[in-house]
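Please read the following report beside the sequence and the 3D view.

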Amino acid sequence: MKQLNAASLSITEEIMSAGGQQGELLSRAHNSLRSGGEIHFLSGEIQEEEVFKCGSGLLESILFEAMRQDCAMDHVLNTADNYIFTPYVYPATWPEDWALRQIISLWVVTNLGALLIYLGFGALSFYYVFDHKLMKHPHFLKDQVRKEIKLATASIFWMSFPTVALFFWEVRGYSKLYDNISESCLGWPGMFLSIAGFLFFTDMCIYWIHRSLHHKRIYKHLHKQHHIFKIPTPFASHAFHPLDGFLQSLPYHVYPFIFPLHKVVYLSLFVFVNIWTISIHDGDYRIPGPLIFLINGAAHHVDHHLFFNYNYGQYFTLWDRLGGSYRHPSALLGKGPHDHIRKLMAEGAHTQ
């Protein structure tokens, strides 16, 4: 006997003999699953295999949806379906669990979500955090902001295709994402440990991927597009060659296929890493004293853009220290971009 979590509705052997009413019964079951209660198989005689054999494609879909472990993107898809896609976009003949519909929905949501985070937080950072005096630096390009946005928006579009493939695998239940804290063997401590594990794992992977992209045989084909912005603005955060950007984002997607992670935590971390990427390009080089040697901030990252072979890390300086690529931020030694601008302005005033 199998009990499935989804709306309070019971399905017994009647599914086997419902005849003309089967479609209506299955439709009720599908709607019940979507609304979130329970389905019970009350007969101990019915085996799962038999139910699948006797049922229609819709029944298989219902059982698949009930038995699989939901992923984080299910929350996003369900919300989009309930409020936008089902009532206003898709034909009634397109079921919500149809693979093609899910792929299209994921592609739309991924593009809109990524652009919203990039342009929204990028604009806030550019206008309220970024020091516009940096635009006077000799390495700051003509029309640089426009070029950054153009490259980033194109990259987000092309990156979305392989990204959606991974999200689709999550939606189909192949990841280790879970919905309730009770599903974690370590409970709340396990959830917090998974956050630390996510940050450690992704920081380690991105360091080595990023460093590999600087190999002379790879750099000019991929990563060089990002490094034309030597004095980056927040809009440079996502300005990559699409393959470069996808490769550096891959650890975020791989982690929940290897390690258990709460789905809401996963979504939150996904937003966080995008905002963090914006922040290390924001030109604000201030770092609390005790964290200078631990956190890879904008002061560290601008040196990566200026001096090329240093500070590959994403959040921390650990792997740069272990890999021999750590450079103490020049901005904190009186030799950073602001200092260079002040020197040029002083020289210009002296010449006049």
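Tyrosine 128 belongs to helix α6, which covers residues 99–128, where helices (H or I, at least four residues) and strands (E, at least two) are DSSP runs numbered from the N terminus. With a relative accessibility of 70%, tyrosine 128 counts as exposed; buried stands for under 20% relative accessible area, exposed for over 50%, and partly exposed for what lies in between (1.4 Å probe, protein chains only). The model is a predicted one, in which local features need pLDDT of at least 70 and side-chain atom pairs count only at pLDDT 80 or more, while totals for chains, interfaces and linings use all residues. Residues are numbered from 1 along each chain as its sequence is written, and side-chain values use heavy atoms, with hydrogens and water left out.

Phe121, Leu124, Tyr127, Tyr128 and Val129 make up a nonpolar surface patch, and together they have about 580 Å² of accessible area. Patch residues have over 30% relative accessible area and no salt bridge, with like charges joined within 9 Å and nonpolar side chains (Val, Leu, Ile, Met, Phe, Trp, Tyr) within 5 Å; the areas come from the Shrake-Rupley method with a 1.4 Å probe, and for residues only the protein chains shown count as cover.

## The largest pocket

The largest pocket holds about 810 Å³ of space and is lined by 40 residues, of which Ala114, Met159, His238, Phe270 and Asn274 lie nearest its centre. Two or more lining residues come from each of several elements, among them α5 (72–89), α6, α7 (144–171) and α8 (187–213), whereas α12 gives the most, with 7 residues. A pocket is an open set of points on a 1 Å grid over the protein atoms alone, where a 1.4 Å probe fits, with protein on both sides within 12 Å along at least five of seven lines, and lining residues have an atom within 4 Å of a point.

By class, the lining has 18 nonpolar, 22 polar and no charged residues.

## Loop residues

Aspartate 143 and leucine 141 both sit in the loop between α6 and α7. Although aspartate 143 is not a glycine, it has a positive phi of about 55 degrees, and its relative accessible area of 43% makes it partly exposed.

Phenylalanine 259 lies in the loop between α11 and β5 (261–262), and its C-alpha is 6.2 Å from that of lysine 176, which is 83 residues away along the chain.

## Salt bridges

The structure holds 6 salt bridges, each a side-chain nitrogen of Lys or Arg within 4 Å of a carboxyl oxygen of Asp or Glu. One of them joins arginine 101 to aspartate 81, with the closest N and O atoms 2.9 Å apart; because arginine 101 lies in helix α6 and aspartate 81 in helix α5, the pair ties together parts that are 20 residues apart in sequence. Both of these residues are buried.

Lysine 263 and aspartate 179 meet in another salt bridge (3.5 Å, N to O), and since lysine 263 lies in helix α12 and aspartate 179 in the loop between β4 (177–178) and α8, this pair ties together parts that are 84 residues apart in sequence. Lysine 263 is buried at 1% relative accessible area, while aspartate 179 is partly exposed at 31%.

Terms used. Points joined across faces, edges and corners; volume = space filled by probe spheres on them. Nonpolar A, V, L, I, M, F, W, Y, C, P; charged D, E, K, R; others polar.
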